[in-house]
Amino acid sequence: MATGRTHRPATRSRGIPEATVARLPLYLRALTALSERSVPTVSSEELAAAAGVNSAKLRKDFSYLGSYGTRGVGYDVEYLVYQISRELGLTQDWPVVIVGIGNLGAALANYGGFASRGFRVAALIDADPAMAGKPVAGIPVQHTDELEAIIRDNGVSIGVIATPAGAAQQVCDRLVAAGVSSILNFAPTVLNVPEGVDVRKVDLSIELQILAFHEQRKAGEEAAAEGAVPAAAAARKHSADQGPDGDVPAVMPA
């Protein structure tokens, strides 16, 4: 996904590449599913398949964490869950504010996975005065006039922007000025942020356009393959009509 200007994460200073950091949540999701099924250990091949990567890449990624597994046994699931959660900073509570409580913002507020993954929705914020006080997912919406005080009082360092594109940069500027240093942006626009602020952009329309490209390519390949079948049949028929040297055989008299 595209990102804004970012500083180097703390993990980079410990020698963990950003590509590895991006895969850690995939491993954690697969491991959590195994843990919920009370699976004690998992091989690198099984875990790699569940996470959608190859096993060599997984073993390399885990080597950055100092986890090498046990030959013939595999990796201890519970220990890896703890190890990756600690590396991602999920062993502590992260208060999050969501700004823009339209359809998307409300859907995010109702997402039940935040709490189980170390995030707590501290506040829902919207610019519409008519929204103030209305509960969404059991949390009363607060007006944007209170944004700075909310961030200060809750110690918020992560903000989610789900506003229209035209309002996103202004909201971003206010979040940053109030002390937010990490932003998840759902608005269809690129945000400009100062050095030291991390931005992750989620653009659903771009993802759909990429899928449309692949669908179009697959349809083209299928059409080309279907067109090749009649052509091959015609070639075989033409060959059958010819003699052994490629000449059309003479018509034998009756």
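What follows is a conversation about a predicted model, going from its overall content to single loops.

Visitor: How many helices and strands does the protein have, and what share of its residues counts as buried?

Guide: The secondary structure of the protein comes to 10 helices and 9 strands. Among contacts with a separation of 6 or more, those joining residues 24 or more positions apart account for 56%. As for burial, the protein has 254 residues, and the share that counts as buried is 35%.

Visitor: In what order do the strands of the open sheet stand, and which strands are at its edges?

Guide: The open sheet is formed by 7 strands, with mixed pairing, in the order E5-E6-E4-E3-E7-E8-E9. Each strand at an edge has a single partner strand, so one side of it is left without a neighbour in the sheet; these are E5 (135-136) and E9 (198-201).

Visitor: In which sense do E4 and E6 pair, and which residue of E6 is the bridge partner of Leu124?

Guide: E4 and E6 are joined over 3 bridges, and their pairing is parallel. In E6, the residue that partners Leu124 in a bridge is Val141.

Visitor: Which strands does H8 touch where it packs on the sheet, and what angle does its direction make with that of E4?

Guide: H8, which spans residues 147-154, packs on the sheet by touching E3, E4 and E6. The angle between the direction of H8 and that of E4 is about 165 degrees.

Visitor: Why do the buried residues of H8 line one face of the helix, and within what arc do they fall?

Guide: The buried residues in H8 are Leu147, Ile150 and Ile151. Seen down the axis of H8, these residues lie within a limited arc, so they line one face of the helix, and that arc is 95 degrees.

Visitor: Which residues on the other side of H8 are exposed, and which helix is included in what covers the buried ones?

Guide: On the other side of H8, the exposed residues are Arg152 and Asp153. The cover over the buried residues of H8 includes strands E3 (94-99), E4 (119-126) and E6 (139-143), together with helix H9 (165-177).

Visitor: Across which strands does H9 lie, and at what angle does it run to E7?

Guide: H9 lies across E3, E7 (158-161) and E8 (182-185). Relative to E7, H9 runs at about 170 degrees.

Visitor: How are H2 and H4 oriented to each other, and which residues make the contact?

Guide: The axes of H2 (residues 18-36) and H4 (residues 55-64) come within 11 Å and cross at roughly 105 degrees. Angles of 65 to 115 degrees count as roughly perpendicular, and H2 and H4 are therefore roughly perpendicular to each other. The contact is made by Thr20, Arg23 and Tyr27 of H2, and by Lys57, Leu58, Asp61, Phe62 and Tyr64 of H4. By class, the residues of this contact divide into 4 nonpolar, 1 polar and 3 charged.

Visitor: Where is Ala127 found, is it buried or exposed, and which residues does it touch?

Guide: Ala127 is found in the loop between E4 and E5. Exposed means over 50% relative accessible area, and Ala127, at 52%, is therefore exposed. The C-alpha atoms of Ala127 and Asp145, which are 18 residues apart along the chain, are separated by 7.9 Å. Leaving aside residues up to four places away in sequence, Ala127 touches His143 and Thr144.

Visitor: What is phi of Ala137 in the hairpin of E5 and E6?

Guide: E5 and E6 pair in the antiparallel sense over 2 bridges, and in E6 the bridge partner of Pro135 is Pro140. Ala137, in the loop between these strands, counts as partly exposed at 39% relative accessibility. Most residues other than glycine have a negative phi. In this hairpin, which has 2 residues between the strands, Ala137 instead takes a positive phi near 55 degrees.

Visitor: Where does Ser38 lie, and what is its phi?

Guide: Ser38 lies in the loop between H2 and E1 (41-42), and is exposed with a relative accessible area of 64%. Ser38 is a residue other than glycine with a positive phi, and the value is near 60 degrees.

Conventions: Residues numbered from 1 in each chain as written. Predicted model: local features only at pLDDT ≥ 70, side-chain atom pairs only at ≥ 80, totals over all residues. Heavy atoms only, no water. Buried < 20%, exposed > 50% of the residue type's maximum accessible area, 1.4 Å probe, protein only. Helix = DSSP H or I, 4+ residues; strand = E, 2+ residues; numbered from the N terminus. Arc of directions from axis to C-beta. Contact = heavy atoms within 4.5 Å. Pairing = 2+ DSSP bridges. Axes fitted to C-alpha atoms, helices over the stretch in contact; angles between N-to-C directions. Parallel < 35°, antiparallel > 145°, perpendicular 65-115°, else oblique. Nonpolar A, V, L, I, M, F, W, Y, C, P; charged D, E, K, R; others polar.
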